[in-house]
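The sequence and the model are shown first, and the description follows.

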Amino acid sequence: MTEAKKPGREPGKITKIPMENRRKTYAEVSHGFSAEEALKEARRCIQCKNATCINGCPAGIDVKEFILRIKNEDFRGAIAEIKGHNTLPGVCGRVCPQEDQCQKACVFNKKGEPIQIGYLERFVADWELAQAPAPPAINGRARGGKVAVIGAGPAGLTCAADLAKEGYDVHLFEALHKAGGVLIYGIPEFRLPKDIVAAEVRYVQSLGVTLRTDFVAGKTRTLDGLRREGFKAFFIGVGAGLPRRLNVPGENLNGIYSANEFLTRINLMKGYRFPEYDTPVNAGKRVGVFGAGNVALDSARSALRLGAEEVSIIYRRTRQEMPARAEEIENAEEEGIKFVLLTSPKEFLSDDSGNVRGAVCLKNRLGDPDASGRRSPAVIPGSEFTVEMDTAIVAVGTSANPLLLSTVQGLELGRGGYIKVNKNFQTSLPDVFAGGDIVSGSATVISAIQQAKAAAKEIAKFLAADAVLDQGIA
Ligand code: FAD
Ligand code: SF4
């Protein structure tokens, strides 16, 4: 019998809201671990000498150590260990693609179920939330440099927190009325409760970061304006929120949304609580969602909860290539979302009033792998068929929003309008650094965090050099 199969060594079981209730509620689907379950799961970890899970975490969390602390019932120590590396543990425990990261690297993959690292991270983050918060760990003495961080998504929050911990005077500017970026306006409540995001934003503020919302950099104030106010360094983490289109005929018909608009109305403007909140969102009866990433699945599952009778994910590749988190694909299937695979849209069809009534689609076959390593789809001529729908949601990616970038003179942009940076996340302007989706294109929360952490280190070096220079001149 293998280690994983010994009595008492079975992987922890996650309980979820029963299927019959899921369509009626926006409450978080998965219940997470109780203390007892977390202890049981942590005790399954064999504390490998060469703990490969650590290399699997892009934020560099010492996974082995934090699990050891849970094992020893030192939950406070476990969360402190995580927060030394990651400012957003309640978020990451819920939304990271663990199956491709830390859990993929766990040795138990070879002989059973990997340790459920994400659920353990979520457990200690939630445990801390229920306690009196520990005093924030600030390493550095107060330093002179004033830093402007633009955009309060995962990248901006992380960069701001890391610099504040080092003693810098950090101001975080956010265009919307709430901080959190996609965590607030994109990912739905049933996957990531907004009070978890709000608590992690409060933690960043508790480190001394000054948050200013309703501030659209480039419009409310330009970068030059902020320079004149004494800011010595900048981090741009404005994400990539401009929706991409399918570019097929009929895309302007009524009833066709970008996923971005659909989810923002539901999440940020609380459309799911209409009429309590004045944001009606009509999901229709038959919904077609184009795309198969997290955004597409979030849109499909939100439409279901708004009362749609039939929701289909229409995707050009197979299930194997779907980029969404494995757990969410499983949840979507359980909830009755249909998957129309190997299918591309050709055109939308209109009723007499200009509303969408369906999409003519084509079947695909998979060819050779493309640059992403995934097999590329090729349309099969003459394979047209119609998918009926009264609502279509387009979730095929986003691109860079030029609003701020077009106002910054000398800022070099690369392909797709994303900001060009060197290996230190420094842009063509020496005092301006950038990270997250605005550099990499739409990616993941943890990749935004990873880049922001690296940028924060470089900004600290830049400010230290600047301070020496100032002293020399004085
Ligand atoms: P963002 O989160 O986009 O934050 C950028 C912030 O900058 C926003 O708050 C924006 O309002 C602000 N801003 C923009 N312009 C300005 C300006 N001019 N002035 C001031 N502020 C400005 N990733 C995962 O890892 N797991 C998931 O399960 C997952 N699900 C997702 C579901 C959805 C619906 C979406 C849309 C994305 C999902 N992602 C997921 C991707 C992930 O959320 C992003 O990769 C991540 O949020 C990028 O972080 P960021 O800080 O670079 O940008
Ligand atoms: Fe524990 Fe798996 Fe990491 Fe080994 S690889 S220390 S078993 S979580």
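## The nonpolar core

In this predicted model, the largest nonpolar core has 75 residues, and those with the most contacts inside it are Phe-66, Ile-67, Ile-70, Val-124, Leu-163, Phe-235 and Ile-459. A nonpolar core is a set of buried Ala, Val, Leu, Ile, Met, Phe, Trp, Tyr and Cys residues joined through side-chain atoms within 4.5 Å; buried means under 20% relative accessible area (1.4 Å probe, protein chains only). Helix α18 gives the largest share of this core, 10 residues. Domain 1 (3–130) and domain 2 (146–241 + 399–470) both contribute residues to this core, so it lies between them; the domain bounds come from an automatic or database assignment.

## Basis of the description

Residues are numbered from 1 along each chain as its sequence is written, while chains are lettered from A and ligands numbered from 1 in the order in which they are written. Local features need pLDDT of at least 70 and side-chain atom pairs pLDDT 80 or more, whereas totals for chains, interfaces and linings use all residues; side-chain values use heavy atoms, with hydrogens and water left out.

Of the 35 residues around ligand 1 (a heavy atom within 4 Å), Val-95, Ala-155, Glu-174, Arg-191 and Asp-437 come nearest. By class, this shell holds 21 nonpolar, 9 polar and 5 charged residues. Helices α9 (154–165), α10 (182–185), α14 (294–305) and α18 (445–473) each supply at least two residues of the shell, and α14 provides the largest share, 3 residues. Helices are DSSP runs (H or I, at least four residues) numbered from the N terminus. Because domain 2 (146–241 + 399–470) and domain 3 (245–396) both give residues to the shell, ligand 1 lies between them.

Oxygen atoms of ligand 1 are found 2.9 Å from a polar backbone atom of Ala-155 and 3.0 Å from one of Val-182. Taken alone, ligand 1 exposes 1000 Å², of which the protein buries 92%; such areas come from the Shrake-Rupley method with a 1.4 Å probe.

Among the residues around ligand 2 are Cys-45, Cys-48, Cys-53, Cys-106 and Ile-67. The shell around ligand 2 divides into 10 nonpolar residues, 1 polar and no charged.

## A buried arginine

Arg-122 lies in helix α8 (residues 117–129) and, at 6% relative accessibility, counts as buried.

Note on methods:
A polar contact is a pair of N or O atoms within 3.5 Å; within protein, one must be able to donate a hydrogen and the other to accept it, and residues adjacent in sequence count only if both atoms are side-chain atoms. Ala, Val, Leu, Ile, Met, Phe, Trp, Tyr, Cys and Pro count as nonpolar, Asp, Glu, Lys and Arg as charged, and the others, Gly among them, as polar. Buried means under 20% relative accessible area, exposed over 50%, partly exposed in between (1.4 Å probe, protein chains only).
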